[in-house]
Amino acid sequence: MKTKKKPHSGPANQTSLPQPTLTPRQAALEKLYRFLKIAGFIAVIIAMVVVGTIYSEQILYPFGKKELPSGKPIVFREPKLNPNKPPGPAPDGMVWIPGGEFYMGCEAEDDKGELAFPDAAEIHLVYVDGFWMDKYEVTNALFAKFVEATGYVTWAEKRPDPKDFPHVPLKHLDPFSLVFKVPAKGEKVDLRNHRSWWDIRYGASWKQPEGPGSNIKGRENHPVVHVCYHDAVAYCAWAKKRLPTEAEWEFAARGGHNRKLFCWGDDLKVKGKWLCNAWQGKFPSQNTKEDGYETTAPVGSYPHNDYGLYDMAGNVWEWCADWYQPEYYADSPERNPQGPKIGFDFFEPGAAKRVQRGGSFLCAENYCARYVVGSRHNGEITSAANHVGFRCVMDAK
Ligand SMILES: [Ca+2]
Ligand SMILES: [Ca+2]
């Protein structure tokens, strides 16, 4: 007996089901929905591109990137140097510094990835006019001529003003200057406390660099020391010269080389040799004198830079004309900067300070290291020490 075949209830039959007919309103809404879906997708893509562009730095550097004081972007290019054509014959002992553009400052990092010299950031393009500059630091012999001609007495040779030392008994206010001393054997030295190696030496002056009993005999060709800013300015006036601005000093020290770490290149030692008088060994207790000198060296003991200048790194610090402010580079002028209007250092807010540059025989890899050409330092304008001197510049006539 044949059974009646049941009608097939599978999908084939479903396709044959009549589709619901959309009303014109429903069809329009359906179209709109599809359009919005596509438009939304495109909008999300555009938004991702825009947000990615704006916040790419945060996306690429989720833990932050080094922020410079002004936040200005730096786009480096080849700085334009002026033609090296001296305007006439060189004054005695001076060389022509042609001037032009250079990148001023230093953003070298320390072992922890932080700025090694925060006051030397940020690197910025500067232009300086050409000028004459002393080849050497001013020597004892030259300073002696100045003193002989003028009868000048340096600040270190004069009794300090009691107003400047209100907490010091009058009987102790004798002329003095600061002299480096090696800490006693076994003394635990905190590198943040410079009193461990600076001795207030009564009677120390340019004529007696280590105090009573010392003299400069045989050191005529060494840089003069124990001269404060005022002493340097007085010498310059007598010599009909002036102190360099900080920008002039750095332009000259770089010798025409763009963005190098040192006056001579990027390596501290060249062919295993030191090219400046600094400190080797662990400062302040161990000085191996690998560069040949424990304290000052005769000027010109090391090779000159490519502008013919000697000892722009090390030997003695060199006073500059500018007042010192650690954040000056954030908004200093681009052409012939003259320094801020006043000196202010938040570490010593009461001290009037001018810039010093180049480092000294006391700069070591573990302390100071300011033979780095773009690094900065400062000094109170009436203070002197046995590692600070100067050199002069002269305008083109
Ligand atoms: Ca040395
Ligand atoms: Ca020097």
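Predicted model: local features only at pLDDT ≥ 70, side-chain atom pairs only at ≥ 80, totals over all residues.

Residues are numbered from 1 along each chain as its sequence is written, while chains are lettered from A and ligands numbered from 1 in the order in which they are written.

The protein chain has six helices and 13 strands; helices (H or I, at least four residues) and strands (E, at least two) are DSSP runs, numbered from the N terminus. Of its 397 residues, 35% count as buried. Buried means that 20 or more other C-beta atoms, placed from the backbone, lie within 10 Å of the residue's own. Among contacts (C-beta atoms, placed from the backbone, within 7 Å) between residues at least 6 apart in sequence, 71% join residues at least 24 apart.

Let me turn to the strands. Two strands pair if DSSP finds at least two bridges between them. An open sheet with mixed pairing is formed by four strands in the order S11-S10-S9-S12. Strands S11 (377-380) and S12 (388-389) are at its edges with a single partner strand each, so one side of each has no neighbour in the sheet. Strand S10, residues 353-357, pairs with S11 in the antiparallel sense over four bridges, and Arg-354 has Gly-379 of S11 as its bridge partner.

Strand S4 spans residues 131-134; Phe-131 and Met-133 point one way, Trp-132 and Asp-134 the other, and all are buried. S4 runs antiparallel to strand S1 (residues 94-97), with four bridges, and Val-95 is partnered with Met-133. Three bridges also join S4 to strand S13, residues 393-395, again antiparallel; here Phe-131 stands opposite Asp-395.

How many residues of helix H6 are buried? In H6, residues 246-254, nine of nine are buried, including Trp-249 and Phe-251. Gly-255 follows the helix with a positive phi, near 60 degrees.

Finally, the core. A nonpolar core is a set of buried Ala, Val, Leu, Ile, Met, Phe, Trp, Tyr and Cys residues joined through C-beta atoms within 7 Å. The largest has 79 residues, of which Met-133, Val-227, Ala-232, Leu-243 and Ala-252 touch the most other members. Leaving aside residues up to four places away in sequence, Val-227 touches Thr-154, Trp-206, Ala-232, Ala-384, Val-388, Gly-389 and Phe-390.

Conventions:
Buried ≥ 20, exposed ≤ 12 C-beta atoms within 10 Å, placed from the backbone. Contact = placed C-beta atoms within 7 Å.
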